[in-house]
Amino acid sequence: MFGLLYGAPYGRAINRNAPAHIIHSWRVAHASLPIGAILMFAAAALLSSFAVAAQVKWFITITLIVSVYAFCLSLPLAAITGYRGLSSSGPFAAKLIFAGNTIGSIASLAASVALVYAGYVSL
């Protein structure tokens, strides 16, 4: 839902001729958050069919949730402040964006590895 709602500021940034990096940041927020939600729905549909322990299923669930909410924080904050979050230097907002991107990326990677593992075990 957040990703779809970020279409409004994305459109406003285009209409007011905002700098290209701001428009790009809103585009990323608007496009990538719904993709994360689709991944969560797809994983939720598959979880019951995986032949792994309940702890692995919970790990997949929690890491996907953490990832999406970390990106829900960092992506719009990056578009609002203009920081990209690629380094931990700079003001507090840049550090917060970097932390959100880092947490989101690590959680996404962990969930992906766990999903591949669950799929392999369930073959």
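In this predicted model, helices α3 and α4 pack at an angle of about 170 degrees, and their axes lie 9 Å apart. An angle over 145 degrees counts as roughly antiparallel, so α3 and α4 are roughly antiparallel to each other. Their contact is made up of 20 nonpolar residues, four polar ones and one charged one.

**α4 against α5**

- Helix α4 (54-81) meets α5 at an angle of about 150 degrees, with 7 Å between the two axes.
- That angle makes α4 roughly antiparallel to α5.
- The two helices, α4 and α5, cross in a left-handed sense.
- Sorted by class, the contact of α4 with α5 has 22 nonpolar and nine polar residues, and no charged ones.

**A look along α5**

- Helix α5 runs over residues 92-121, which is 30 residues.
- From its first C-alpha to its last, α5 reaches 43 Å, close to the 44 Å expected at 1.5 Å a residue.
- Which residues of α5 are buried? They are A94, I97, G100, N101, G104, A107, A111, A114, L115 and A118.
- As a reminder, an α-helix has 3.6 residues a turn, so residues three or four places apart point the same way.
- The cover over the buried residues of α5 includes α3 and α4.

**α2 against α3**

- Helix α2 (residues 7-15) packs on helix α3 (residues 20-47) at an angle of about 160 degrees, with their axes 9 Å apart.
- At that angle, α2 is roughly antiparallel to α3.
- The crossing of α2 past α3 is left-handed.
- On the α2 side, the contact is made by G7, P9, Y10, A13 and I14; on the α3 side, by I23, W26, R27 and H30.
- Of the residues in this contact of α2 with α3, six are nonpolar, two are polar and one is charged.

- Phi of N17 is near 55 degrees, a positive value in a residue other than glycine.
- Is N17 buried or exposed? N17 has a relative accessible area of 66%, and so it is exposed.

How values were computed. Residues are numbered from 1 along each chain as its sequence is written. This is a predicted model: local features need pLDDT of at least 70, side-chain atom pairs count only at pLDDT 80 or more; totals for chains, interfaces and linings use all residues. Side-chain values use heavy atoms; hydrogens and water are left out. Axes are lines fitted to C-alpha atoms, for helices over the stretch in contact, and angles run from 0 to 180 degrees between N-to-C directions. Helices (H or I, at least four residues) and strands (E, at least two) are DSSP runs, numbered from the N terminus. Angles under 35 degrees count as roughly parallel, over 145 as roughly antiparallel, 65 to 115 as roughly perpendicular and the rest as oblique. A crossing is left-handed if the near helix is turned anticlockwise from the far one by less than a right angle, and right-handed if clockwise. Contact means heavy atoms within 4.5 Å. Ala, Val, Leu, Ile, Met, Phe, Trp, Tyr, Cys and Pro count as nonpolar, Asp, Glu, Lys and Arg as charged, and the others, Gly among them, as polar. The expected span of a helix is 1.5 Å times one less than its number of residues. Buried means under 20% relative accessible area, exposed over 50%, partly exposed in between (1.4 Å probe, protein chains only).
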